[in-house]
Amino acid sequence: MAFPYMEAVVCFMILMYFFETYLDLRQHAALKLPTLPKTLAGVISQEKFAKSRAYSLDKSHFHFFHELVTILMDSAILFFGILPWFWKKSGIFLPLVGLSAENEILHTLAFLAGVIIWSQITDLPFSLYSTFVIEARHGFNKQTIWLFFRDLIKGMCLAIVLGPPIVSAIIVIVQKGGPYLAIYLWAFMFVLSLVMMTLYPVLIAPLFNKFTPLLEGELRLKIEKLSSSLNFPLKKLFVVDGSTRSSHSNAYMYGFYKNKRIVLYDTLIQQCKNDEEIVAVIAHELGHWKLNHTMYSFIAVQILTFLQFGGYTLVRNSNGLFRSFGFDTQPVLIGLIIFQHTVIPIQHLVSFGLNLVSRSFEFQADAFAKKLGYGAPLRAGLVKLQEENLSAMNTDPWYSAYHYSHPPLVERLAAIDEPDKKED
């Protein structure tokens with residue numbers, strides 16, 4: 001008797017839904033608490049706390065509904081054989097437009113086009129409600145409905161341009177890879193990730209946002225001085241017009257080797273009281289670079305990618321696996337999709353482990369900024385970001401341990417306030 005892979009996957013998905021819903025309920029209870037944590041009392045104003053609480057509860061209610069609809073749809077798609085049905089229909093469609101259904105690449109692209117259209121249709125109501133109801137209600141949304149759909153259309157155009165060559169290359173590699181398939185797939189994705197990391201900030205990101213050089217002044221001088229003191233090869237310093245879409249704020253850096261760039265959201269500059277707070281946030285980001293966190297994370301992703309492809313090569317010719325999901329053929333893309341579903345338990349464990357490492361990195365980057373003398377302004381900057389973004393003030397420890405890649409503000413402030421250990 002063949003192993004019921006599909007049934008096992010659906011059962012695990014449902015079990016994970018109940019487990020994560022339990023964590024969501026714990027977090028929802030924490031969000032309803034009427035008082036600030038002791039660490040934040042007197043630091044966060046009651047007005048900001050009330051706004052943060054209302055915003056977080058709104059998002060929490062929406063999240064419950066969205067997750068329920070998602071698990072029902074995902075389970076139904078697998079249980080009722082929607083994927084194999086759609087694969088067959090996409091094969092029937094190709095001859096109608098004069099193309100051969102025997103060509104796996106064309107068949108796969110037709111299938112993906114239908115899946116993307118379906119995903120956009122089903123996700124659109126949730127995106128619209130999140131953006132134009134919840135975000136707008138709490139003063140964050142700044143984009144018009146025209147800008148929203150313009151971004152959506154741009155994203156779909158990029159998928160049309162970039163998707164076919166990438167998918168075609170993967171199919172050819174699997175068909176021709178032989179015993180070294182996992183190595184070839186990993187090498188292709190490795191090169192692709194480097195290319196995308198290079199092209200995205202230069203060609204893709206400017207399609208959605210405007211990047212302008214930070215004006216000459218005290219802030220620019222302080223950031224350049226800090227970068228120089230750490231031997232950070234800063235080439236360009238940009239301000240991005242995040243305020244055209246949202247009043248949420250952030251800062252990040254990117255670039256290879258000696259071609260590094262720092263990007264500040266215009267909302268960050270508007271929200272922080274003084275330049276020192278912004279520089280302290282940059283010091284934290286530079287801490288990630290100086291401590292090699294970005295490199296460690298990149299290496300970890302590459303190892304996990306290689307292991308995933310290695311696992312895929314072990315099951316890609318399994319008749320029982322494909323038949324369990326309703327397929328009587330073994331298309332490359334379908335094999336990858338099915339494999340991703342079967343390793344969901346491992347992915348959850350890996351994600352949890354990566355979150356643990358990420359939180360550790362955040363503490364280390366905070367400590368790095370503090371060591372440079374930015375402890376006080378970093379503390380003030382983190383509080384300001386928490387206030388202005390109306391982030392959750394009360395968090396459930398189980399929920400944050402499972403979901404958060406960054407430690408809650410209470411924990412970060414406690415670590416910053418902790419006296420430095422004296423060296424012998």
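Is Leu390 buried or exposed, and what is its relative accessible area? Leu390 is buried, at a relative accessible area of 6%. Here buried means under 20% relative accessible area, exposed means over 50%, and partly exposed is in between, with a 1.4 Å probe and protein chains only.

Before going on, some ground rules. This is a predicted model, in which local features need pLDDT of at least 70 and side-chain atom pairs count only at pLDDT 80 or more, while totals for chains, interfaces and linings use all residues. Residues are numbered from 1 along each chain as its sequence is written, and side-chain values use heavy atoms, with hydrogens and water left out.

Back to Leu390. Leu390 sits in the loop between H13 and helix H14 (397–403). Helices (H or I, at least four residues) and strands (E, at least two) are DSSP runs, numbered from the N terminus. The phi of Leu390 is positive, about 50°, although Leu390 is not a glycine. Asn231 also has a positive phi, near 60°, and is a residue other than glycine. Asn231 is in the loop between helix H7 (218–229) and strand S2 (234–240). With a relative accessible area of 61%, Asn231 is exposed.

Next, salt bridges. Side chains of opposite charge can pair when their charged atoms come close. The rule used is a side-chain nitrogen of Lys or Arg within 4 Å of a carboxyl oxygen of Asp or Glu. By that rule there are 11 salt bridges. One of them joins Asp58 and Arg137, with the closest N and O atoms 2.5 Å apart. Asp58 is in helix H2 (residues 46–79) and Arg137 in helix H4 (residues 104–137), so the pair ties together parts that are 79 residues apart in sequence. Arg137 counts as partly exposed, at 48% relative accessibility.

Another salt bridge pairs Lys384 with Glu388, at 3.9 Å between the closest N and O atoms. Both residues lie in helix H13, four residues apart, about one turn of the helix. Lys384 counts as buried at 12% relative accessibility, and Glu388 is partly exposed at 21%. Through shared partners, salt bridges join Lys48, Lys384 and Glu388 into one network.

Arg412 and Asp366 also form a salt bridge, 2.8 Å from N to O. Arg412 lies in helix H15 (residues 409–417) and Asp366 in helix H13 (residues 344–388), so this pair ties together parts 46 residues apart in sequence. Both Arg412 and Asp366 are buried.

The axes of H13 and H15 come within 9 Å and cross at roughly 130°. Axes are lines fitted to C-alpha atoms, for helices over the stretch in contact, and angles run from 0 to 180 degrees between N-to-C directions. H13 is therefore oblique to H15; angles under 35 degrees count as roughly parallel, over 145 as roughly antiparallel, 65 to 115 as roughly perpendicular and the rest as oblique. The contact (heavy atoms within 4.5 Å) includes Asp366 and Lys370 of H13 and Arg412 and Asp417 of H15. By class, this contact has eight nonpolar, two polar and seven charged residues.

Last, helix H10 (residues 293–315) and helix H12 (residues 332–342) pack at about 110°, with axes 10 Å apart. That makes H10 roughly perpendicular to H12. Among the contact residues are Phe309 and Tyr312 of H10 and Leu336 and Phe339 of H12.

Definitions and conventions: Ala, Val, Leu, Ile, Met, Phe, Trp, Tyr, Cys and Pro count as nonpolar, Asp, Glu, Lys and Arg as charged, and the others, Gly among them, as polar.
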